[in-house]
Amino acid sequence: MKTWVSYLAAAFMALAATLLVGKSAMFATVMTNIMVVYEQVGLCILFLLILLGFSSGIASIRKDGKLKTAFWTSILWAVVTTFVVALIASAVFLLFPAKFPATSTTGSDSSFLSTFPFGSFAVGDVALSNPLVMLGYFDNFLLPLILVCFILGYFLKPNVEVIRPAYVVMNSFSELMFRLSRAFATTSWLLVFFAASSFFSRIWNEGSLFVAAKFLQMLVICCLAAVFAVLPLLFAIFTKFRVNPYQIVYRSLASLAIGLFTSDILLSIVIGEPVSRHNLGCQKRISSTTIPFYSIIGRGGCAMMGVISVLSLLYNATGSMPTMKVIFFVALACATCSFCSAISFGSEVFLIAVLSMRMLGIKMYGTEMTLIAFLPLINGMGVMIDNLIANMGAAYTCQVFGTRINNPYKNIL
């Protein structure tokens, strides 16, 4: 069974299970704990995938003299999509304005916000001598890891005979890790079931969403506009209408589902790389380098959710619609802040909202704590769109290289 079918089936089974026993505290606890174990396995695979795959990918791209092309295409796609979808979010808010609803976290203590943006760097208590403990803090050293792997890959270019054996060995191990990630992707419908069950049960038990139909409608319209209109149109323009963008969308459903239900862009990389290679026809070296790279800079989806969140909070706090000038600057601020949201994996939308309000001098006096109750939903939606941006970006880079192939349906995961 294809991953896009099995993942959707698992999500519907999780919804059915939640409707039956979702009020049980034990159900939510069991589903969340199993999901956490699954995520830890995924992070172990991700560590090796980046260590071996990213390095060999950079070496292979540099061997053909296409490193600059890979980076300018990735940066161009990331920047354009981030600012465009942020502006689209402001347009959706103008057309379907809704106040951010009161939640169970409204009025909570906000004293930790003074250090929040820098909290994820606090790794001094990590036992660096224990690699298993380090994996638990993987999000804290992803950036240094990618930088080190880039340097390693840069000097791994097989331009002299003495380096060639090392390049061949690294490439072989990279292929091994892709096989492992492919196996993880084809069996992760189980992860989707547990993650979706935890996702639905948290929303069910929070309850605020059921009295916020207008706000939910705005979120759904925003996501649908990004997934089925804005990003496909941008992708078609970037590829000069030579690639069907909707084929990219439905063949990316597996990684989109992981992003939505786990809110974890790191785990999405493990699914996204084999999906990009086998479903979208991208080269291994492109998938192994651009997908992790977009987890750092291609955060347009989280920027979009940040825009909606900030504008809704302002609308709720003031009781009147923000002016066009305020809406425009909020969109720009959220888009800009999204490029540093990787310092807080799992709560990117919250970080973007807080940083953008600080940048614009907007004081909410703790009202921003309202976001926490809805974070699984709004952050999940943001990561889902980020996954699509990454997949389309990899396909775009491969199209520029002239190496993308159109895999027949029978051969996709």
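## Angles between helices

Angles under 35 degrees count as roughly parallel, over 145 as roughly antiparallel, 65 to 115 as roughly perpendicular, and the rest as oblique. The structure is a predicted model, in which local features need pLDDT of at least 70, side-chain atom pairs count only at pLDDT 80 or more, and totals for chains, interfaces and linings use all residues. Residues are numbered from 1 along each chain as its sequence is written, and side-chain values use heavy atoms, with hydrogens and water left out.

## Helices α14 and α16

Helix α14 (residues 300-318) packs against helix α16 (residues 348-359) at about 55 degrees, the axes being 8 Å apart. The two helices are therefore oblique to each other. On the α14 side, Cys302, Ala303, Met305, Gly306, Ser309 and Val310 take part, and they meet Glu348, Val349, Ile352, Ala353, Ser356 and Met357 of α16; contact means heavy atoms within 4.5 Å. This contact has eight nonpolar, three polar and one charged residues.

## Helices α7 and α12

The axes of helix α7 (residues 164-187) and helix α12 (residues 265-279) come within 9 Å and cross at roughly 105 degrees. That makes α7 roughly perpendicular to α12. Among the residues in contact are Phe178 and Arg182 of α7, and Ile271 and Arg277 of α12. By class, the contact comprises seven nonpolar, two polar and four charged residues.

## Classes of residue

Ala, Val, Leu, Ile, Met, Phe, Trp, Tyr, Cys and Pro count as nonpolar, Asp, Glu, Lys and Arg as charged, and the others, Gly among them, as polar.

Key
Axes fitted to C-alpha atoms, helices over the stretch in contact; angles between N-to-C directions. Helix = DSSP H or I, 4+ residues; strand = E, 2+ residues; numbered from the N terminus.
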